[in-house]
Amino acid sequence: MTASAELPPPPDDWEPPAARPSGWLTPEDLAVVRAQLPLVYVDAVPVRVDESGDVVSVGLLLRMGARGLARSLVSGRVLYHERVRDALLRHIEKDLGPVALPQVPASPQPFTVAEYFPTPGITSFHDPRQHAVSLAYVVPVTGDCRPQQDALDIDWLTPEEACADAVQAEFTGGQGALVRQAMGWVGRLA
């Protein structure tokens, strides 16, 4: 039989923590954090699958970037005290709309971890604002996707089209490499 351990009582001067912060930082606080710590992000490659579960199309967002129109993925920061699954759902809804109907498994597993650095060339991924560690997922969506927030449009391309050099050149920050890795992970790249 296993005995259970008794925890010591809290010290006399212990007070319960104040209400948890919302997870949102002021722009000033976020700038300080970005300058000192890597942040946790999620990247999602939205896909459509056929009845057998094979990926038939990849959803690529179109956004206005610093150098004009650019392709991107669903992406965003994981907030304090937020589960990764909830961050994925929040960012998919933010970028693809409330009826995208993402099929995130109960226990999501990333297909890779991408490290974005503010200094170009350390990895394939670059974000001039910060050092970020991003968990990357392939997420099937079954609903009506309508770009929201700063996403201007979404194009559904075949996996081969999404991995073509011309489309890859339209990505910034290295996210095109994530699309290629995702398609390899789901067996759509040779």
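1. Start with the side chain of arginine 63: it makes a polar contact with the side chain of aspartate 95, at 2.8 Å. Keep in mind that this is a predicted model. Arginine 63 belongs to strand β2 (residues 55-65), and with a relative accessibility of 13% the residue counts as buried, because the cut-off for that is under 20%.

2. Who else is around arginine 63? Leaving aside residues up to four places away in sequence, arginine 63 touches Gly68, Leu69, Ala70, Ser72 and Leu73, then Asp95, and also Asp150, Ala151 and Leu152.

3. You'll find leucine 101 in the loop between α2 (84-96) and β5 (112-117), and at 46% relative accessibility it counts as partly exposed.

4. Glutamine 149 is another non-glycine with a positive phi, of about 55°. This one sits in the loop between β7 (132-140) and β8 (151-157). Is glutamine 149 buried or exposed? At 67% relative accessibility, glutamine 149 counts as exposed.

5. On to helix α5 (residues 175-185), where the buried residues are Gln175, Gly176, Leu178, Val179, Ala182 and Met183. They cover an arc of only 155° around the axis, so they lie on the same side of α5.

6. Last, check what follows α5: glycine 187, with a positive phi near 80°.

Conventions. Residues are numbered from 1 along each chain as its sequence is written. This is a predicted model: local features need pLDDT of at least 70, side-chain atom pairs count only at pLDDT 80 or more; totals for chains, interfaces and linings use all residues. Side-chain values use heavy atoms; hydrogens and water are left out. Helices (H or I, at least four residues) and strands (E, at least two) are DSSP runs, numbered from the N terminus. Buried means under 20% relative accessible area, exposed over 50%, partly exposed in between (1.4 Å probe, protein chains only). The arc is that of the directions from the helix axis to the C-beta atoms. A polar contact is a pair of N or O atoms within 3.5 Å; within protein, one must be able to donate a hydrogen and the other to accept it, and residues adjacent in sequence count only if both atoms are side-chain atoms. Contact means heavy atoms within 4.5 Å.
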